[in-house]
Amino acid sequence: MAKNLQTKFSTRQYMLSRDFEIYYYNEPASEKVSIHSHDYYEFYFFLEGDVSIWIEGEQYPLKYGDMVLIPPGIKHMAVVHGNEIPYRRFVFWISVEYCNQLMEVSSSYGYLMQNVLVKKKYIFHNDLITFNTIQYRIFQLIEEIKSERFGKEAKVSLCVNDLVLQLNRIVYEQQNPKSEKEEQNLYQNIIYYIDDHLDEELSLEQLAGQFFVSKYHIAHIFKEQMGLSVHQYILKKRMQASKAAILGETSITDVYTMFGFKDYSSFYRAFKKEFGVSPKEYKEVHGVVQKG
């Protein structure tokens, strides 16, 4: 992780900006912060360290990937048990006013905040893949804040909104898991889509955009349902389609361009790996004669 994205730790517990602030801390836990509360929301993302967090009289151990959301007025503090391991975390502060502005655009921005206020559950555990999606957005935001690129102010705003929405979506999906039938329907619909679009560009990112789910979710259900990655499935389907086309009247040159291969050499390697012979050899073995 780039050192230039890190922030020197300060015991300050109030915001200097009006809307939000974000920090990446990575240092030995030397300076302690006593029990305190804020008038804004604090998102705390734990990366590493011998640390637990004290919230309203309860102490909770932390593990990599945990997200803690502290609403305004809730007393809390980090409890450092040892300095042998570097203490790494992201801290994201966002004002109540800014949250309210987002919720005027869509109530989806406020699901997580309302959930914490009602249920008093402050800690959310994330698996590695989910936490990677969070980290990606955090680093994107920090990099943009530190940049001097054209449109920086607009891009920072987009990054903040995207991060907040993603956190809401993650928690909503954790608390409202899709039913087995919904998962099966999604899987079947993706299969049908791939089969109908073999001649077009197909990727995890493109499928995720088409079906409005994360690419990690699609990868997971494919592995679970078929034991193959999405890429492997697409390649196998294209190989089968290519074989059928070769047995027809389509020239080999036309076949590889029809099914998403950028050049003949990559098509040749994939075909030989799948069927044990080259496209030309396959055509000759099966005695296909082109009509004049």
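This is a predicted model: local features need pLDDT of at least 70, side-chain atom pairs count only at pLDDT 80 or more; totals for chains, interfaces and linings use all residues.

Q: What is the general idea behind a charged pair, and how many salt bridges does the count come to here?

A: Side chains of opposite charge can pair when their charged atoms come close. In this model the count comes to seven salt bridges, one of them joining the side chains of Arg 18 and Asp 19 with 3.3 Å from N to O.

Q: Are Arg 18 and Asp 19 buried or exposed?

A: Arg 18 is exposed, its relative accessible area being 63%, whereas Asp 19 has a relative accessibility of 16% and counts as buried, because the cut-off for buried is under 20%.

Q: How should I read the salt bridge that Lys 152 forms?

A: Its partner is Glu 148, and the closest N and O atoms of the two are 3.9 Å apart, which counts as a salt bridge because the rule asks for a distance within 4 Å. Lys 152 is partly exposed at 24% relative accessibility, while Glu 148, at 72%, is exposed.

Q: Which parts of the chain does the pair of Lys 215 and Glu 205 link?

A: The side chains of these two residues, Lys 215 and Glu 205, meet in a salt bridge of 3.0 Å from N to O. This pair links distant parts of the chain, with Lys 215 in helix α7 (residues 215-226) and Glu 205 in helix α6 (residues 204-211), 10 residues apart. Lys 215 is partly exposed at 27%, and Glu 205 is partly exposed at 49%.

Q: How is a pair of aromatic rings described, and how many aromatic pairs are there?

A: A pair of aromatic rings is described by the distance of the centres and the angle of the planes. The count here is 21 aromatic pairs, including the tilted pair of Tyr 24 and Phe 90, with 5.1 Å between centres and 40 degrees between planes. Tyr 24 lies in strand β1 and Phe 90 in strand β7, so this pair ties together parts that are 66 residues apart in sequence; both residues, Tyr 24 and Phe 90, are buried.

Q: What kind of aromatic pair do Tyr 64 and Phe 131 form?

A: Tyr 64 and Phe 131 form an edge-to-face pair, at 5.1 Å centre to centre and 80 degrees between the planes. Tyr 64 is in the loop between β4 and β5, and Phe 131 is in helix α3, 67 residues apart. Tyr 64 is partly exposed at 35%, whereas Phe 131 is buried at 0%.

How values were computed
Residues are numbered from 1 along each chain as its sequence is written. Side-chain values use heavy atoms; hydrogens and water are left out. Buried means under 20% relative accessible area, exposed over 50%, partly exposed in between (1.4 Å probe, protein chains only). Helices (H or I, at least four residues) and strands (E, at least two) are DSSP runs, numbered from the N terminus. Rings of Phe, Tyr and Trp (its six-membered ring) pair if their centres lie within 6.5 Å; planes under 30 degrees apart count as stacked, over 60 as edge-to-face and the rest as tilted.
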